[in-house]
Amino acid sequence: MKAIRNGILILPNEDGRFTAQTDHVLCYDERIAALISEAEFSPSDADEVIDAAGAYVAPGFLNVHIHGADGADTMDEDSGALTRLAAFQAKTGVTSFLPTTMTCAFDAVERALVRIRAAMAERHPQGARILGAHMEGPFISPAKKGAQDEQYILPPTFARIAPYRDVIKIITVAPEMIVEEDFIESCCKSGIIVSLGHTAADYETACAAIARGATHITHLCNAMTPLSHRAPGVLGAGLDTDANCELIVDNVHVHPAMQRIIYHAKRGRHLIPITDSLRACGLGDGISELGGQRVYVRGTLATLEDGTIAGSVLCMNDGLRILRENTDAAIAAIVEMATRTPAEELGVYGELGSLSVGKYADIAIFDENFRIQRTIVGGTDVFHA
């Protein structure tokens, strides 16, 4: 058994909300074995004792929307790309993630889903664990395609994705493109979360889709109809319902003031910080690629040749720091958005997403600025600064 002591633990209280607590020692093997007081703990009871030295000890973060990083991309035909991506995610405190596909030729999307399926089965991951796929496109609107390639856009058809219902955890769909009356219901019955995104839908269409079972909105504010006093749009639907809303928290995709407005409108609930990062993440300035399109990276901005913003180069821990700075939310509340909220929606909160006894020992240790000191997946160190 291993133990972590002298840390500020982020733990759920009796109401399930996350709070910062001290004077606890976290004991674990592959799973969390016990939470005991410092007074009860004897170092001789553990094979290894980690001194957190006043750092935060939290459940590892979940990233439900990420295309790539460190030169690797979900769509790469090389299966080693997912391993590289998982290792890089661990450096940012992420212990679980959903590799995200692009709007490409559908057979390429299918091959990516097959590779993700194989990676899901890995018993002892070398980095963050892969929970499944987020399928972003090709079921989107040409009017709000963003950096997606319009030539590969298709109408939503459940038969196309049915063979991959075990892999696809979230699917981004433009609701106005749906022609199959029961498409959303079919996804829900198969355990696939329907997310509204890359959509020109109005408020009423978005709310109707939410009423039929869509519970998620892809990168709120981006590639969707905006908020207006006479036309609330998809953004208004996200703010006016309990849909879980992704937020790219890099201060490029969403202005700091808008992040604050969204945080208060959602009462700090149903928000999921994401990175939506590209293969260029972690590589610095230069020319990169997304879905066969050239991407130019300058600082925190990544664009296509025509200036269209093309995903981000954001790391999750940096995004959480930025979100905290913009909202003044407590660190425990920020952590809850990046752990409990996505874990509950994905239906895995019984196994991970909090430092509760019996769950996997997926742990991130970091300072007050979210600088990652150590990341643990299933009780095994996968990153140590």
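These are legends for a handful of close-up views of a predicted model. Local features are kept at pLDDT of at least 70 and side-chain atom pairs at pLDDT 80 or more, while totals for chains, interfaces and linings use all residues. Numbering runs from 1 along each chain as its sequence is written, and side-chain values rest on heavy atoms, with hydrogens and water left out.

**View 1. Tyrosine 56 stacks on phenylalanine 366.** In one of them, tyrosine 56 and phenylalanine 366 sit 5.8 Å centre to centre with 15 degrees between the planes. That pair joins distant parts of the chain, 310 residues apart: tyrosine 56 belongs to strand E7 (residues 56-59) and phenylalanine 366 to strand E22 (residues 363-366). Helices (H or I, at least four residues) and strands (E, at least two) are DSSP runs, numbered from the N terminus.

**View 2. Phenylalanine 366 also stacks with phenylalanine 370.** Here the ring centres are 4.9 Å apart and the planes meet at 10 degrees, so this pair is stacked too. Phenylalanine 366 is buried at 0% relative accessible area, phenylalanine 370 at 1% and tyrosine 56 at 17%. Buried means under 20%, exposed over 50%, and partly exposed in between (1.4 Å probe, protein chains only). Tyr56, Phe61, Phe366 and Phe370 make up one aromatic cluster.

**View 3. Two arginines lie over ring faces.** Arginine 129 is over the face of tyrosine 360, 4.3 Å from the ring centre. Arginine 160 does likewise with phenylalanine 106, at 5.2 Å. To count, NZ of Lys or CZ of Arg has to be within 6 Å of the ring centre and within 35 degrees of the ring normal.

View 4. Look for proline 138 in the loop between strand E13 (133-136) and helix H3 (158-161).

**View 5. Aspartate 23 has a positive phi.** Its phi is near 65 degrees, in a residue other than glycine. Aspartate 23 sits in the loop between strand E3 (18-21) and strand E4 (24-28), and is partly exposed at 47% relative accessibility.

**View 6. Aspartate 328 has a positive phi.** Phi is near 65 degrees at aspartate 328, found in the loop between helix H8 (316-327) and helix H9 (331-338). With 70% relative accessibility, aspartate 328 is exposed.

Conventions
Phe/Tyr/Trp six-rings, centres within 6.5 Å; stacked < 30°, edge-to-face > 60°.
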